[in-house]
Amino acid sequence: MLQEIKTYFQNKFGAGTAKDASSLPWYQGCPCDEMLPDIEEIRFHVLKMKAHKATGASGVSADLLHSLMAVPHGESIILKVVHSMIQCPEDSAQLLYNGLVILIPKVVPVVSPQNLRPIVLTETFTKLVSRVTVARVVKTWPMPPSMMGARGGSQTAESVWVAKLLLSRKQIYGSRCVFLKIDLSAAYDSLRHSAVQDEMARHF
């Protein structure tokens with residue numbers, strides 16, 4: 001069974017080589033010296049990272065980076081690692097580039113590989129470099145007006161738009177209606193849909 005699971009997920013994800021794993025595609029072919037983040041940029045993004053999150057295989061967490069920022073020379077250590085990841089990936093620890101895949105059971109007991117959900121834990125330093133990169137792109141890339149996700153205040157605007165749409169439909173049908181908008185949050189797949197149905201049946 002263990003060998004079957006191992007083979008299944010190796011085929012599903014594909015085993016990359018060390019060379020593939022140690023490349024940062026968004027920096028390939030770029031003048032790295034001009035792109036290296038300074039200490040102010042690193043400090044800003046480290047302090048924005050959420051604490052108490054699962055780590056990758058290296059065990060480096062956002063909590064550790066927060067603590068390093070508070071001690072002498074800690075910021076320079078973080079900066080040196082980030083610069084090394086960008087300039088010399090072949091000389092950096094390979095763990096910093098690899099995601100750690102863990103398998104979460106969908107059902108119990110697990111009788112096949114399909115009963116497992118793979119979760120990839122990205123390394124904290126990779127997240128930090130990614131944050132720097134995305135923030136730079138966002139500064140120079142105008143956000144499309146039609147983009148609703150990952151946008152401040154978009155949830156309010158979307159809710160108002162949905163309410164107006166439903167009210168207009170109510171006027172068309174001319175009957176008494178009850179509209180429900182259910183937010184299933186981040187862990188939507190752990191919510192029993194029957195529980196929602198039972199709750200609706202009790203009140204309506």
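**Entry 1: Glu-75 and Arg-43**

Glu-75 sits in helix α6 and Arg-43 in helix α4, so the pair ties together parts 32 residues apart in sequence. Shared partners join Glu-40, Arg-43 and Glu-75 into one network.

A note on the source: this is a predicted model, where local features need pLDDT of at least 70, side-chain atom pairs count only at pLDDT 80 or more, and totals for chains, interfaces and linings use all residues. Residues are numbered from 1 along each chain as its sequence is written, and side-chain values use heavy atoms, with hydrogens and water left out.

**Entry 2: the other salt bridges**

I searched the whole structure and got 3 salt bridges. Glu-40 pairs with Arg-43, closest N and O atoms 2.7 Å apart; both lie in helix α4, 3 residues apart, about one turn of the helix. Arg-136 pairs with Glu-41 at 2.8 Å between the closest N and O atoms. Arg-136 belongs to helix α7 and Glu-41 to helix α4, so this pair ties together parts 95 residues apart in sequence.

I then checked burial (buried is under 20% relative accessible area, exposed over 50%, partly exposed in between; 1.4 Å probe, protein chains only). Glu-41 counts as buried at 18%, while Arg-136 is partly exposed at 25%.

**Entry 3: the core**

Which residues touch the most other members of the largest nonpolar core? I noted Ile-42, Val-46, Leu-65, Ile-78, Val-82, Phe-125 and Leu-128, out of 19 residues. Such a core is a set of buried Ala, Val, Leu, Ile, Met, Phe, Trp, Tyr and Cys residues joined through side-chain atoms within 4.5 Å. Helices α4, α5, α6 and α7 each supply at least two residues, and α6 gives the most, with 5.

Val-82 touches Pro-37, Ile-42, Phe-125, Leu-128 and Val-129, leaving aside residues up to four places away in sequence; contact means heavy atoms within 4.5 Å. Buried residues of α6 include Glu-75, Ile-78 and Val-82.

**Entry 4: the whole protein**

I counted 9 helices and 2 strands, which are DSSP runs (H or I, at least four residues; E, at least two) numbered from the N terminus. Buried residues make up 22% of the 204 residues.

Definitions and conventions
Salt bridge = Lys/Arg side-chain N within 4 Å of Asp/Glu carboxyl O.
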